[in-house]
Amino acid sequence: GYLGEHERQSRRKLGFMLDLLAAVRRRRPTGRTLTLLMRQLLRFLHAEHAQLTVFDPDSGRYFTWSVIRQPHHHRVRLRITDNLPFVFDFAAPTEGFLVNDLSPKRPSALCYDVATGTLTRHPVTRPLELPGADVQALLVSPILLQRQLHGYVLIGTTTQRRFTREDLEFL
């Protein structure tokens, strides 16, 4: 990269994390806070689709919060299901992954284990559940509480943008 690129990227990441803290501290209702955080994440990763799925142990259900960035507005949707809305059987529960080519010719996923920090590549064994029909690249991170899977964050882009290893590690 060019001189100062690492410093610029580090400043950008730090600014994003500080914005997240400011959003959470403002005592907004949960729905507005989640929407704001997801909109900032979409802007930061230059993506159009974000999905947050979290398991609620009290009800035994999964809550999926979806935000789609469109040219002049954002579309927000909440869905409640009894089962996890998608299954990533090629990745371990502690692994996040990215897939930059979603063509049907059996793509492979770069998986990052958040518990150990190891990177591996796995073939995608079945078609992926996508946050939108026009998604071309996908970035997924597990939500872990005490090493137990409680949901996922999915980020999708409809442009030619390719997610990087740094994006995966950051998310």
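Trainee: Which residues is Leu98 in contact with, leaving aside its neighbours within four places in sequence?

Mentor: Keep in mind that this is a predicted model. Contacts with residues further along the chain show what the fold brings together, so skip the sequence neighbours. For Leu98 the list is Ser108, Ala109, Leu110, Leu138, Leu139, Phe163, Thr164, Arg165 and Leu168.

Trainee: Which residue is the bridge partner of Leu98 in S5?

Mentor: That is Leu110. The pairing of S4 with S5 (residues 108–113) is antiparallel and has 4 bridges. S4 is also joined to S7 (residues 137–145), again antiparallel, by 3 bridges. There, Val140 in S7 stands opposite Phe97.

Trainee: Which way do the residues of S4 point?

Mentor: In a regular strand, side chains alternate between the two faces of the sheet. Here Glu95, Phe97 and Val99 point one way, Gly96 and Leu98 the other, and all are buried. Because 5 of the 5 residues of S4 (residues 95–99) are buried, this strand is largely enclosed by the rest of the structure.

Trainee: How many residues does the largest nonpolar core have, and which have the most contacts inside it?

Mentor: The largest nonpolar core has 19 residues, and those with the most contacts inside it are Met38, Leu45, Leu98, Leu139, Ile155 and Phe163. At least two residues each come from H2 (30–45), S1 (49–56), S2 (61–69), S5, S7 and S8. H2 gives the largest share, 5 residues. Another core, of 14 residues, lies apart from that one and includes Phe88, Val99, Val124 and Val140.

Trainee: Is Cys111 buried or exposed?

Mentor: For this, look at relative accessibility, where under 20% counts as buried. Cys111, a residue of S5, has 0% relative accessibility and so is buried. Beyond four places in sequence, Cys111 touches residues including Phe90, Glu95, Phe97, His122 and Leu168. Take Phe90: 21 residues separate it from Cys111 in sequence, yet their C-alpha atoms are 9.3 Å apart in space.

Trainee: And His150: buried or exposed?

Mentor: His150 has a relative accessible area of 18%, so this residue is buried too. You will find His150 in S8 (residues 148–157). Outside the four places on either side in sequence, His150 touches Thr53, Val54, Phe55, Ile143 and Leu145.

Conventions:
Residues numbered from 1 in each chain as written. Predicted model: local features only at pLDDT ≥ 70, side-chain atom pairs only at ≥ 80, totals over all residues. Heavy atoms only, no water. Buried < 20%, exposed > 50% of the residue type's maximum accessible area, 1.4 Å probe, protein only. Pairing = 2+ DSSP bridges. Contact = heavy atoms within 4.5 Å. Core = buried A, V, L, I, M, F, W, Y, C linked by side-chain atoms within 4.5 Å.
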